[in-house]
Amino acid sequence: MAFSDLAIRFAYTLEESDAYRRAKNAVYDLLENPHARIRPYFDIFMMLLVLSSVFFLLYSVKHHLGAWSGYFEDVVVVLFILEYLGRMWVYDDIHRIIIDEYEKSDLINEPFSLSRALWTLFRSKWNYVSSPMAIIDLLAILPSYRPLRILRLFLLFRLFKLFRYAHSIQQFSSVLREKRLELVTLFSFLMFVLLVGSSAIYLFEARETGGDIDGFFEGIYWALVTLSTVGYGDITPHTLEGRLVTMVLIISGLGVISFFTSIIVSAFQEKMGEVRDRRVSLLLEKKKGYTVICGFGRVGQVVAEYLSRDKLPFVVIDSDEDAVDLARRLGYLAVQGKAERIGLLQTLGVGRSAGKVLCLTGDDVVNVFVTLSTCQLDEEIEIVSRANHHQTVNKLLHAGANHALEPFKIVGLIAGEYVGQPVAFEAIHGIVMGEDDIRLEAIRIPPGSWLDGGTIGDVPLTEMRLILFGVITTLDRSSDHVRSHFDLEDQRFQFNPGADFVLLGEDMLLVFGHQYSVMRLKQKLKRWRWRRKNA
């Protein structure tokens with residue numbers, strides 16, 4: 001069997017191996033996956049390892065630490081090497097490259113070339129090896145080679161490894177990358193001014209002309225110190241020309257510093273939103289089953305207030321900057337952006353740890369798109385969507401929403417049912433405004449009780465100063481004495497049924513009223529159960 005056939009067979013074996021896939025995913029989660037639970041602990045461990053190794057190596061310059069320091073250094077180097085090889089391993093899939101090359105050759109009826117596959121593999125691995133962070137990882141290993149003490153200069157590269165593990169440092173480096181064009185322009189101008197200034201000061205202040213400059217390098221040193229506005233004073237110009245050059249360099253230095261500061265400040269202002277979103281994402285990684293509220297308008301604010309009062313975790317998404325600022329002032333986790341974007345939902349944990357998504361924007365089109373994006377990430381997640389128009393309800397349900405609510409229709413139904421009953425409006429207003437003594441309570445009817453087989457008229461609502469909101473029954477129950485009903489997953493909500501509506505055991509009465517009135521009805525049902533038990 002040819003070596004290329006063995007390579008192809010081995011590649012397909014790895015492709016079908018669950019153990020290999022699990023092992024590679026575990027290494028990826030440890031080293032690269034920002035959403036893995038173990039990743040923060042690994043980053044902290046590596047940061048402590050880097051700092052301790054640098055400290056001991058610096059301390060050993062003038063102090064003898066004993067044999068244990070050598071063992072510690074060996075352990076550090078081994079861990080660095082394992083990390084380097086692990087990152088190279090998960091950077092791409094070797095077997096996948098071989099399989100792709102083989103299937104490509106088979107498709108066009110050409111013989112499979114293992115050398116071409118190996119060359120593609122080499123280029124892929126070289127892209128990783130030649131990346132800046134991979135070079136830093138490699139140079140961080142070199143200080144351990146003790147026969148060449150000059151390699152200890154690369155000790156500083158271990159500190160650069162902190163860029164991998166500290167998110168704040170990563171943010172700073174990303175700012176520099178995004179502003180590299182401006183920084184390169186500024187650096188080019190700085191080099192030009194530095195070259196002109198050092199040449200001019202060398203001509204006017206050289207030792208041969210009565211100045212203090214011994215060589216061109218000292219001219220560069222003086223020009224750099226002057227440009228930075230530090231001015232040590234160890235070299236001072238004596239001629240009129242030299243002082244004029246100094247004045248020009250000082251003014252140029254102020255301009256360079258101001259320009260550099262404005263670049264960094266503007267970059268961080270642009271990046272601040274991303275930093276806040278990253279902070280929210282990190283906080284959400286520690287939670288499970290939280291709610292994502294899409295839209296912080298009137299409805300979203302009420303929902304957030306209730307979730308906050310019940311101490312349930314949630315995060316708010318809104319495209320309006322003022323709404324997001326309001327949510328943050330109220331102490332809520334909030335992110336500015338378009339909730340229908342799959343990337344934003346994924347960043348906030350939809351598909352991983354989020355438990356519910358509430359689509360509460362005032363735009364039905366946005367609510368449909370949010371529902372579709374959420375279902376694409378997680379088909380099992382619970383989605384509750386707001387429908388501002390009746391014709392949108394079916395669209396939301398077909399898009400994947402578990403529930404589609406019509407807040408304006410609900411308000412209209414309540415107003416139509418309870419018109420002329422000011423006590424009912426007072427009770428509803430008390431519940432909405434969060435008054436503690438007014439409740440909307442669900443009361444179960446025990447089978448065989450005096451209400452089992454009775455009617456709504458048999459319930460002493462007026463006597464107990466309670467207001468009926470509705471009855472939850474089974475799906476097969478008729479709705480003859482009900483103006484409207486709503487089918488749930490396995491139950492039916494009968495809205496404000498008439499006095500002739502028949503009640504059965506296991507039905508649930510939804511009533512408005514004072515907490516003492518609700519408690520009184522519950523106690524009456526409990527007394528019936530106690531009497532029946534002792535009969």
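**View 1. Packing of helix H5 against helix H6.** Helix H5 (residues 94–107) and helix H6 (residues 114–129) pack with their axes 9 Å apart and at an angle of about 140°, where axes are lines fitted to C-alpha atoms, for helices over the stretch in contact, and angles run from 0 to 180 degrees between N-to-C directions. That makes H5 oblique to H6, since angles under 35 degrees count as roughly parallel, over 145 as roughly antiparallel, 65 to 115 as roughly perpendicular and the rest as oblique. Ile94, Ile97, Glu101 and Ser105 of H5 make the contact with Arg116, Ala117, Thr120, Leu121, Ser124 and Lys125 of H6, contact meaning heavy atoms within 4.5 Å. H5 passes H6 in a right-handed crossing; a crossing is left-handed if the near helix is turned anticlockwise from the far one by less than a right angle, and right-handed if clockwise. This is a predicted model, in which local features need pLDDT of at least 70 and side-chain atom pairs count only at pLDDT 80 or more, while totals for chains, interfaces and linings use all residues. Residues are numbered from 1 along each chain as its sequence is written, and side-chain values use heavy atoms, with hydrogens and water left out.

**View 2. Crossing of helix H2 and helix H4.** The axes of helix H2 (residues 18–31) and helix H4 (residues 67–91) cross at roughly 120° and come within 10 Å, which makes H2 oblique to H4. The crossing of H2 and H4 is left-handed. On the H2 side, Tyr20, Ala23, Lys24, Val27, Tyr28 and Leu31 meet Glu83, Gly86, Arg87, Trp89 and Val90 of H4.

**View 3. Salt bridge between Arg96 and Glu15.** Twelve salt bridges are found in a search of the whole structure, each being a side-chain nitrogen of Lys or Arg within 4 Å of a carboxyl oxygen of Asp or Glu. In one of them, the side chains of Arg96 and Glu15 meet at 3.1 Å, N to O. Because Arg96 lies in helix H5 and Glu15 in helix H1 (residues 3–16), the pair ties together parts that are 81 residues apart in sequence.

Note on methods:
Helix = DSSP H or I, 4+ residues; strand = E, 2+ residues; numbered from the N terminus.
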